Amino acid sequence: MWIFVMFDLPVTTKKQGRAATKFREFLLDEGFEKSQFSVYARFCNGKEQFEAYMRRIEANLPDQGDVHILTFTDRQYENIVRFSGQRRKRRRKNPDQLALF
């Protein structure tokens, strides 16, 4: 399962800018990767892990702005069509399961 966090945060004051930066840094610290400017994505191993991330995100929301969270199954994520510089990009593969030995 994939989690996408999309946000539109105000940055007209220094306080708002600091809050937006703090939220982006929080997402990076939680293992999200930047997909686009205000879109971050992360793979998780199921509903329980998703709920844990949701609680942590909710606890770190900025005071102002909009945050939207979407989930995608592995198959839906693999079927996302990506373009970069007017060229179609190769499909992304889902990360392999971690194996502990």
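In what order do the elements of the protein chain run from the N terminus on? They follow the pattern β-α-β-β-α-β-α-β-β.

**Figure 1. Overall fold and confidence of the predicted model.** The secondary structure of the protein chain consists of three helices and six strands. Of its 101 residues, 29% are buried. The accessible surface amounts to about 7900 Å², and carbon and sulfur atoms account for 49% of that area. Among contacts between residues at least 6 apart in sequence, 64% connect residues at least 24 apart. The mean pLDDT of the protein chain is 88, with 87% of the residues reaching 70 or more. Confidence is highest in helix 1, at 97, and lowest in strand 6 (residues 87-88), where the mean is 72.

**Figure 2. The largest nonpolar core.** This core comprises 14 residues. Those with the most contacts inside it are Ile3, Val5, Phe7, Phe23, Leu27, Phe32 and Ile57. Strand 1 (2-8), helix 1 and helix 2 are the elements that give two or more residues to this core. Helix 1 provides the largest share, namely four residues. Apart from this core lies another one, of six residues, including Trp2, Val39, Phe43 and Tyr77.

**Figure 3. Surroundings of isoleucine 3.** Leaving aside residues up to four places away in sequence, isoleucine 3 touches Phe32, Tyr40, Ala41, Arg42, Cys44, Phe50, Tyr53, Ile69 and Leu70. Isoleucine 3 is also listed with Phe32 among the residues that have the most contacts inside the largest nonpolar core.

**Figure 4. The aromatic pair of phenylalanine 32 and tyrosine 53.** A pair of aromatic rings is described by the distance of the centres and the angle of the planes. The structure holds eight aromatic pairs. In the pair formed by phenylalanine 32 and tyrosine 53, the centres lie 6.0 Å apart and the planes make an angle of 80°, an edge-to-face arrangement. Phenylalanine 32 lies in the loop between helix 1 (14-29) and strand 2 (33-36), whereas tyrosine 53 belongs to helix 2 (residues 47-59); the pair therefore ties together parts that are 21 residues apart in sequence. Both phenylalanine 32 and tyrosine 53 are buried. Arginine 56 lies over the face of tyrosine 53, at 4.5 Å from the ring centre.

Figure 5. Phenylalanine 43 and glutamate 33 are 10 residues apart in sequence, and their C-alpha atoms are 9.6 Å apart in space.

**Figure 6. Glutamate 30 and glutamate 33.** Glutamate 30 is located in the loop between helix 1 and strand 2, and glutamate 33 in strand 2. Is glutamate 30 buried or exposed? Glutamate 30 has a relative accessible area of 19%, and it counts as buried because the limit is under 20%. Not counting residues up to four places away in sequence, glutamate 30 touches Arg42, Tyr53 and Arg56. Arg56 is the residue that lies over the face of tyrosine 53. Glutamate 33, at 40% relative accessibility, counts as partly exposed.

Conventions
Residues numbered from 1 in each chain as written. Predicted model: local features only at pLDDT ≥ 70, side-chain atom pairs only at ≥ 80, totals over all residues. Heavy atoms only, no water. Buried < 20%, exposed > 50% of the residue type's maximum accessible area, 1.4 Å probe, protein only. Contact = heavy atoms within 4.5 Å. Areas by Shrake-Rupley, 256 points an atom, 1.4 Å probe, with all protein chains shown as cover. Phe/Tyr/Trp six-rings, centres within 6.5 Å; stacked < 30°, edge-to-face > 60°. Lys NZ or Arg CZ within 6 Å of the ring centre and 35° of its normal. Core = buried A, V, L, I, M, F, W, Y, C linked by side-chain atoms within 4.5 Å. pLDDT = per-residue confidence, 0-100.
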